[in-house]
Amino acid sequence: MDGRRRVDVDAAVAAIVGDGQQRQKNRTLSKARRAQVRRDSSRERITLELDPVIAEMLRMVARAEGCSPAGAANRLLQTAIEQYADGELTFNGHRRPSRSPRYEWVVELDLNGLREKLENSCANGGV
Amino acid sequence: MILAIINQKGGVGKTTTTVTLGHGLAMGGKRVLLVDLDAQGNVADALGLKKRGGLYQLLVADAGERAVTPSGRMGLDVILSDKRTVEAKQILAGKSFREYALRDALDLVMDKYDVAILDAAPGVDVLQIGALVAADAFLIPVALDHLAVVGAGDALASVASLKKVGALQGDFLGVLPTMWERVSKESHQQLLQLVRQFERLVWPPVPRDVKAREAPAYGQTLWEYAPNSRALLGVQINGGCQGGYRQTLQRLLREI
């Protein structure tokens, strides 16, 4: 609990104590920083390593649609996941065996021509 | 199985804990007997019953099952207290082997029940010692303020002295922090203090909740008066409900 010794406690008690310690820590922050922490904690954040070309295209879509990159990613992923669930989108032909002990496959992307296609579409005011 | 709810400090939530756990176990299909050892007779208030000297009858008049009052709830009976409990204590004080009187009296009725929960009075008296001697296990509710946390240490000192003379057979299940305030620094500090002292024996805390104070005024248990209250369900932390009597009940069922 105090960082010096590991204490064996009930999982619920550990969660409550951890929450209390976070609250104590937040008390020492400035008002603006506290508001930032509150906003951050209400968001669901994950970190993914995107292909740099995909990341750039995501920003282009966001600019064209006047939304945040996160909003654009959510919208595009929603459609892709729907297609995946319907069996319209598969990973066949887009993967090769992985040497990592954690994963079976490495996903490969064919982005040839996609960026130009998107640039043309955005130049025409989006889809 | 006899469970004693003890703490020498008053106002820490012994009666609320007794009644809430008792009714919770009864709703789960157990046959439960609550025993009020406090002359204030607050268990009767909490269940909406008229006070009655059931404990006096059990201890002094050897009334056995006649000392038991049905609570009006399925699977839940109660031995109530009133002012005559004081008289019973005085009579017991003059007797030999008085520490065993409660255990012997409960033996007469326990065959009808799976669990008996003893609600001890504050302070140290013949009935609190009797409760510890009779109990198979005991739990110490501790309000999360400095004085109550000190009181928990005193209760454990009584337990240690009974253990020394071999009178205590029961298991110490742990401390149940009550009146926990998520936003209060003092509450957090006292919880940390308990965790450092008792580690795994600290049960998930019960949040302070006005519903727990209101329920006895209506003669209802928390399960009846406010089934969605914080005191029962706990508070949302990291996407899950933590603390509250529902978790207390789950842990109790694992332990007994």
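Which helix of chain A has the lowest confidence, and which has the highest? Confidence in chain A is lowest in helix H2 (residues 31-42), at a mean of 80, and highest in helix H4 (residues 69-85), at 94, where pLDDT is the predictor's confidence in each residue, from 0 to 100. Residues are numbered from 1 along each chain as its sequence is written, while chains are lettered from A and ligands numbered from 1 in the order in which they are written. Helices (H or I, at least four residues) and strands (E, at least two) are DSSP runs, numbered from the N terminus.

**Chain A: confidence and domains**

- The mean pLDDT of chain A is 85, and 91% of its residues reach 70 or more.
- Where pLDDT is low, the predicted coordinates should not be read in detail.
- Chain A is assigned domain 1 (11-42) and domain 2 (52-123), with bounds that come from an automatic or database domain assignment.
- The centres of domain 1 and domain 2 of chain A, taken over C-alpha atoms, are separated by 35 Å.

**Chain A: a pair of helices**

- Helix H3 (residues 52-65) and helix H5 (residues 114-123) of chain A have axes that come within 10 Å and cross at roughly 10 degrees; such axes are lines fitted to C-alpha atoms, for helices over the stretch in contact, and angles run from 0 to 180 degrees between N-to-C directions.
- H3(A) and H5(A) are therefore roughly parallel to each other, given that angles under 35 degrees count as roughly parallel, over 145 as roughly antiparallel, 65 to 115 as roughly perpendicular and the rest as oblique.
- On the H3(A) side, A:Val53, A:Met57, A:Met60 and A:Ala64 meet A:Arg115, A:Leu118 and A:Cys122 of H5(A).
- A:Met60, which lies in helix H3 of chain A, touches A:Leu118 and A:Cys122 when residues up to four places away in sequence are not counted; two residues are in contact if their C-beta atoms, placed from the backbone, lie within 7 Å.
- A:Met60 counts as partly exposed because it has 18 C-beta neighbours inside 10 Å; a residue is buried if 20 or more other C-beta atoms lie within 10 Å of its own, exposed if 12 or fewer, and partly exposed in between, with C-beta atoms placed from the backbone.
- Although A:Met60 and A:Asn120 are 60 residues apart in sequence, they are 11 Å apart in space, C-alpha to C-alpha.

**Chain B: the sheet**

- In chain B, 7 strands form an open sheet of mixed pairing, in the order S3-S4-S2-S5-S1-S6-S7, and two strands pair if DSSP finds at least two bridges between them.
- Strand S3 (69-73) and strand S7 (171-178) of chain B are the edge strands, each pairing on one side only.
- From one strand to the next, the twist averages 25 degrees.
- Strand S1 (residues 2-5) of chain B runs parallel to strand S6 (residues 137-143) of chain B, and 3 bridges join them; B:Ala4 has B:Phe138 as its bridge partner in S6(B), and B:Ile5 has B:Leu139.
- S1(B) also runs parallel to S5(B), to which 4 bridges join it, and the bridge partner of B:Leu3 in S5(B) is B:Ile117.
- Both faces of S1(B) are covered, with B:Ile2 and B:Ala4 buried on one side and B:Leu3 and B:Ile5 buried on the other.

**Chain B: residues in loops**

- B:Tyr113, found in the loop between helix H5 (101-107) and strand S5 (115-119) of chain B, is buried because 20 other C-beta atoms lie within 10 Å.
- Leaving aside neighbours within four places in sequence, B:Tyr113 is in contact with B:Arg31, B:Val32 and B:Leu33.
- The C-alpha atoms of B:Tyr113 and B:Gly75, which are 38 residues apart along the chain, are separated by 8.7 Å.
- Most residues other than glycine have a negative phi.
- B:Met179, in the loop between S7 and H8 of chain B, has a positive phi near 55 degrees and counts as buried, with 24 C-beta neighbours inside 10 Å.
- B:Glu199, in the loop between H8 and helix H9 (210-214) of chain B, has a positive phi near 45 degrees and counts as partly exposed, with 15 C-beta neighbours inside 10 Å.

How values were computed. This is a predicted model: local features need pLDDT of at least 70, side-chain atom pairs count only at pLDDT 80 or more; totals for chains, interfaces and linings use all residues.
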